[in-house]
Every structure is written in structure tokens, then in C-alpha cells.
Amino acid sequence: MSRTIFHVDVNSAFLSWSALEQLKEKPGSVDLRTIPSAVGGDVQTRHGVITAKSIPAKAYHIQTGEPVVKALEKCPQLVLVRSNFKAYRGYSSQFISILREYTDQVEQASIDEAYMDVSGLAHNREEALALAVRIKDAVRDRLGFTVNVGISENKFLAKMASDFEKPDRVHTLYPEEIREKMWPLKVRDLFGCGAATAQQLNEMGFHTIGELAACSGQMLKSILGEKRGEYIHKRVHGIDDSFVETVRQEAKSYSNETTTAEDISRENYDRVAIPIIRQLGKKVSERLKKDGVYGSTCFVQVKTGGFQRHSRQTRLKHSTNDAKTICDTAVVLMKELTGRLFDEGEVLRLIGIGVSGLDHGEYRQMGMEDWLQENEQNRQRSEKKKKLDEMVKKIRSQYGESAVFTGNADR
Ligand SMILES: [Mg+2]
């Protein structure tokens with residue numbers, strides 16, 4: 001049975017949200033979205049990279065990830081604002097809340113985008129289109145920023161569709177539209193094809209997605225290796241079997257959970273549960289990294305055969321977004337939590353992993369080991385400097401002031 005999937009993506013999210021914040025602070029000031037503007041770096045020193053840009057800034061070919069200095073060369077009047085993650089998290093959760101008013105089948109993919117499975121809400125394509133427009137308008141009218149909605153039968157195609165012309169638009173990319181709407185696009189526009197793979201394919205003479213679609217799966221596998229080759233082959237033909245995974249996204253935590261295909265008991269725990277825990281932990285880590293967020297508390301939760309939720313958490317030594325740390329901690333917590341449940345004869349139906357106590361790295365507490373290490377390095381450095389200073393002094397006293405210059409030109 002075919003499904004109806006939406007991908008809802010906030011247009012220039014950080015920039016739009018910064019614009020709203022600025023309007024809130026200084027009512028009547030210029031709307032950053034209407035002028036060439038960008039979020040990123042240190043506004044004063046003009047260091048760092050661009051993390052978001054306005055649509056007028058796109059006309060100057062300013063790109064996300066490029067150094068602020070380079071962007072200013074392209075567009076000297078570019079207005080720069082610094083990021084404000086606290087505000088962004090607020091807008092993000094308001095955005096997701098609106099989507100959840102329509103269905104609980106919402107998977108937040110990053111701070112500014114989500115997939116929705118609306119199969120139960122829209123019974124044909126006209127209804128799907130009308131619903132997408134309704135959701136898009138609701139976000140715009142109630143929250144003051146715009147989104148694109150991509151509609152299709154799977155997540156990948158919906159994601160590709162939401163990236164078509166922006167802002168404030170709804171696009172479809174149904175399987176029979178792939179040839180006309182997706183194949184003319186550049187290889188690097190293929191979602192899931194990394195920059196390195198795109199470049200490799202470009203160098204081999206593949207420039208459009210359609211050119212890849214003309215290749216056999218066997219050929220793509222021989223070029224890109226078994227796994228990537230198969231992945232790209234599927235995607236260029238619009239195939240994606242992944243489901244919309246419901247994610248519990250509260251403003252204060254990042255977590256992923258999944259219903260297990262079979263009941264988990266002590267007997268199949270190692271075989272079934274452990275890989276799921278690691279996979280979920282990895283996803284949480286990926287989402288944290290994507291949003292530049294760290295968590296200081298790790299938690300696990302389960303739903304039992306009796307539909308009871310249980311959870312267990314622990315505070316980490318440092319806040320982290322590292323997959324291994326999250327996975328290893330979750331494995332230990334889950335063992336503690338389930339040991340008791342299995343003793344009571346329970347089975348597990350759902351597993352969830354997450355972190356809370358979020359920060360953006362600015363409050364990352366140095367652990368004792370880091371502190372000791374840094375202290376030791378400083379000590380060695382000052383020791384070395386002291387010895388050097390003494391040597392310089394000695395030489396100067398023997399041969400005069402001009403005898404020794406330090407390596408640093410501006411000293
Ligand atoms: Mg976006």
C-alpha cells in the first residue's frame with residue numbers, strides 16, 4: 001500500500017528565526033529576510049563560517065559553510081547576525097508542535113525539518129495537496145516564518161521535493177514525476193549523496209541524476225562499492241523503504257525510539273536489543289551534531305508488553321554528542337533497567353535512547369582528566385619559556401641586545 005509522506009522544511013531557518021528575534025527586540029527595524037543577511041561567525045571579528053543566509057543573500061552566491069570573510073568579499077553590505085540557539089530551540093519546538101496537531105506520526109529530522117506520515121489523513125492526492133497547503137499556511141500565519149512542504153510516497157522523494165523552489169511553497173515528487181522533476185538535477189543535489197561521492201561521480205562524467213539513473217545497479221556498485229552503489233541506485237529511481245520514525249522531541253531533550261519487530265526478552269536481548277540501542281544512539285548523536293548541541297544526561301526508556309513505560313538515566317561526566325559515549329552509556333543503563341523487568345517476566349515492545357540537559361558546548365565542563373592534562377601542558381610550556389628566557393638573557397648579556405630575536409615578527 002502506498003503511503004503519503006510530507007517533508008516540512010523551514011526556509012532559511014536560522015536566518016528567519018534571527019529575523020523574528022530582532023523584530024521582537026526592535027519593533028519596526030528592518031526584516032533581515034528582506035535584505036542580504038546571514039547568520040554566522042563572530043560578528044565583531046568577522047571570523048567563522050556562514051550557517052544560514054537570507055534569500056536576497058543567495059543572489060550573491062553566498063554559501064552555507066563558507067568563511068564570513070569570503071562572503072563579505074562577494075557582498076560587502078551583507079548584514080551579519082550571530083546565532084541564538086536558545087531562541088532557535090523555542091521556534092523549533094513551536095514548529096513541531098503545530099505539525100503534531102495534525103498527526104502524531106511526526107519524525108523530526110533536524111532542528112528545522114520533519115517528516116510526517118499523513119496516509120491516514122489524506123485519502124487521495126488532492127487531499128494531500130490541500131493538507132500540505134493548510135499546514136504550510138498555519139506555520140506561516142501563527143509563527144511568522146515560512147516552510148516548504150514536499151509531498152511524495154516516501155521520505156526520500158518528499159525530502160527532494162521540499163528542496164525545490166523556495167520559499168513558502170508546496171511541491172510534489174510522485175514516482176511518475178521523477179524523470180521530469182528529479183533527473184535533470186545535479187548529482188550533488190541528490191539527498192544522501194555526500195560531497196565526496198558527488199565529486200567522484202562528476203569526475204567520472206556523471207553530472208545529472210538522470211545520467212546516474214541510466215546506469216545499471218551493477219555499474220554503480222563497481223564504481224562506488226557494494227553498499228553506496230546500491231544506495232545511490234535506489235535513490236536515483238526514487239526508492240526508499242525507511243519509515244517515518246516517531247521521535248520524542250521535547251525542547252529539553254533529544255531522543256529516538258522504535259517499536260521492536262519482535263518482543264524482546266532475556267533470551268534474544270543481546271541479538272535484538274543491543275544493535276537497536278547502538279543504532280538509536282548513533283541517530284541521537286547525529287541529530288545533536290547536526291544542531292551543534294550537547295547533552296549532559298543520558299537516558300533510556302522502554303515500553304513493556306503491558307504497555308508500561310519505564311526509564312532510567314544518568315548524568316555524564318561531560319556533556320557530549322559523541323555516538324560511542326551515548327551508545328556505551330545506554331547499553332549499561334538498559335542492562336540495569338531491563339534486568340529487573342525480565343526478572344518480573346516482562347518483555348519489551350519499544351526501546352528509546354536520548355540525552356537531556358542540553359547545551360551548545362559553551363557550558364561544557366572540563367573533566368578532571370582534561371583539566372589535569374591542560375594544566376600539565378601549561379606547566380611544561382611555562383617551564384620551557386622560562387628556560388628560553390634565561391638563555392636569551394645570558395646571550396644578550398654577553399653579546400648585546402641585538403644578538404637574539406624571537407621568531408615572532410611583531411614582538
Ligand atoms: Mg531548512
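Of the 411 residues of the chain, 33% count as buried. A residue is buried if 20 or more other C-beta atoms lie within 10 Å of its own, exposed if 12 or fewer, and partly exposed in between, with C-beta atoms placed from the backbone. The model is predicted; local features need pLDDT of at least 70, side-chain atom pairs count only at pLDDT 80 or more, and totals for chains, interfaces and linings use all residues. Residue numbers start from 1 along each chain as its sequence is written.

The secondary structure comprises 14 helices and 12 strands. These are DSSP runs numbered from the N terminus, with helices being H or I of at least four residues and strands being E of at least two. Among contacts between residues at least 6 apart in sequence, 59% join residues at least 24 apart. Two residues are in contact if their C-beta atoms, placed from the backbone, lie within 7 Å.

In soluble globular proteins, nonpolar side chains tend to be buried together. A nonpolar core is defined here as a set of buried Ala, Val, Leu, Ile, Met, Phe, Trp, Tyr and Cys residues joined through C-beta atoms within 7 Å. The largest such core holds 59 residues, and F6, A38 and M116 touch the most other members. At least three of its residues come from each of domain 1 (1–170) and domain 2 (182–245). The domain bounds come from an automatic or database domain assignment. F6 touches Y115, M116, V118, A132, V149, G150, I151 and A158, leaving aside residues up to four places away in sequence. Another core, of 23 residues, lies apart from the largest one. Its members include L280, V302, A330 and L358.

Two helix pairs were examined. The axes of helix 4 (residues 85–100) and helix 5 (residues 125–143) come within 10 Å and cross at roughly 140°. Axes are lines fitted to C-alpha atoms, for helices over the stretch in contact, and angles run from 0 to 180 degrees between N-to-C directions. Helix 4 and helix 5 are therefore oblique to each other. Angles under 35 degrees count as roughly parallel, over 145 as roughly antiparallel, 65 to 115 as roughly perpendicular and the rest as oblique. Helix 4 contributes Y91, Q94, F95, I98 and L99 to the contact, and helix 5 contributes I135, A138, V139, R142 and L143.

Helix 12 (residues 269–291) packs on helix 13 (residues 323–343) at about 140°, with the axes 9 Å apart. Helix 12 is thus oblique to helix 13. This crossing is right-handed. Residues of helix 12 in the contact include I277, G281 and V284; those of helix 13 include C327, A330 and M334.

Most residues other than glycine have a negative phi, and most peptide bonds are trans. A cis peptide bond joins K166 and P167, with omega about -5°. P167 sits in the loop between helix 6 (155–162) and strand 8 (170–172). S12 has a positive phi, near 40°. The loop between strand 1 (5–10) and helix 1 (13–25) contains S12. S12 counts as buried, with 26 C-beta neighbours inside 10 Å. H61 also has a positive phi, of about 60°. H61 is exposed, with 10 other C-beta atoms within 10 Å.

Technical notes
Left-handed = near helix turned anticlockwise from the far one by under 90°.
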